[in-house]
Amino acid sequence: MKNSDCVKLTFTGDIMCTKNQIPAHKISDGYDFSGIFFGCKDFFSSSDYVIGNLETPIANAKYCNHLINYNSPDSFAKAVKDCGIDMVTTANNHCLDRGESGLEDTINALDSIGLKHTGTNLKNILPTGIIENFGEIKTGFLSYTYGTNARFNKCFLNENEKWKVNLLREQETRKGNDSLFLKRMEEDIKALKKEGADFLIMFLHTGGQYSPFPLKKTKRLADLIANMGVDAVIANHEHVIHNIEIKNDKIFAYSLGNFSSLFCVQSAPFIKLSDYSVLVNLYLSKNKNGDVKMSDATFAIAKTVKDGKNRVKTVLLYDLINQCCNKNEKNKLTKDNLKIHNRVSSRKEAKIELKREYSLKNSFTNM
């Protein structure tokens, strides 16, 4: 732990590897993705634990050759770990892009390099999540998804295999009793608390695509999960940044954006600010009564930039602005910084000081 009295957790947005990126990283004996996330390595080093959403299988099968049907080499997962990310969520709409065998390959690949994960499963047991001990603070992590792109990848789980993916509802195009999935999720939450989780974080993969604001159903679902006993809801899937709310000492981050993707950098849509993401930091501490509470919350802004043909890298916007020598480009980046700051904090500032990290605590009166 960096600080014995406080735990700092950091969350990233979607970590993607699209079809054109893989050949761009080919080397003589495989693939090399080193450096793709190193622009954030120093930032991550101050955290006790860093979690990202891995939105691609790591499977022993044909690599990504379809626009929305993914698969990536082991070296991509290694690059994720090498930059300082400790755990990834795997419950998302791409987890079955290479079928059930690809799901199993992904889990085994992550285990082989020591990158922890939650969201997809090899065994039908509860809890499906992870508890990490940070001194006297036990933090629980769970991950659930709205679906698995079954209409595209044609992988439908049998009735006795649905436990392999933490689902919020029945897979696409199938009818079923969605309340059964929510009941299992509630049982998962209770099981993790029974095992001693003091503070529980739910990672949701839900929402629309490039929506400027969180959908009403996303907010309703987040509230429902909070009422089940979850302390923080961190959502992804929209590929754009949404606002963050703090209500009754609980935090709701509805979409962190694309932490890494070729989309919106070298391919459309270019106008959605989808080349940006936020890195959310939660600071947890235990009070005199033994309760673990969120003592502070902050965010930094990251940007995915070109790094050669079909190659990108992720850097902090603060560093990018400070290093920029082109006046027009610097002005544009500064305006984007303000726009994203106001979107995340739901404020309407005309001007703000350029900072590496912005506080969320001062943006809300009920924290």
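This is a predicted model: local features need pLDDT of at least 70, side-chain atom pairs count only at pLDDT 80 or more; totals for chains, interfaces and linings use all residues.

Analyst: Lys-219 and Glu-245 form a salt bridge, with their closest N and O atoms 3.0 Å apart. Because Lys-219 belongs to helix H7 (residues 216-227) and Glu-245 to strand S11 (residues 244-247), the pair ties together parts that are 26 residues apart in sequence. Lys-219 is partly exposed at 27% relative accessible area, whereas Glu-245 is buried at 16%.

User: What is the general idea behind a salt bridge, and how many does the structure hold?

Analyst: Side chains of opposite charge can pair when their charged atoms come close. The structure holds 14 salt bridges. Among them is the pair of Lys-116 and Glu-132, at 2.7 Å from N to O. Lys-116 lies in strand S6 (residues 116-118) and Glu-132 in strand S7 (residues 130-134), so this pair joins parts 16 residues apart in sequence.

User: Which residues are linked with Glu-161 and Lys-164 in a network of salt bridges?

Analyst: Glu-100 and Glu-104 are linked with them in that network. The side chains of Glu-161 and Lys-164 meet at 3.8 Å, N to O. Glu-161 is buried at 18% relative accessibility, and Lys-164 is buried at 10%.

User: How many disulfides does the count give?

Analyst: A disulfide requires two cysteine sulfur atoms within 2.5 Å, and the count here comes to zero. For Cys-40, the nearest cysteine sulfur is that of Cys-83, 7.2 Å away. The sulfur of Cys-325 is 6.7 Å from its closest cysteine sulfur, in Cys-324, which is too far for a bond. Cys-40 is buried at 0% relative accessibility, while Cys-325 is exposed at 78%.

Definitions and conventions: Residues are numbered from 1 along each chain as its sequence is written. Side-chain values use heavy atoms; hydrogens and water are left out. Buried means under 20% relative accessible area, exposed over 50%, partly exposed in between (1.4 Å probe, protein chains only). A salt bridge is a side-chain nitrogen of Lys or Arg within 4 Å of a carboxyl oxygen of Asp or Glu. Helices (H or I, at least four residues) and strands (E, at least two) are DSSP runs, numbered from the N terminus.
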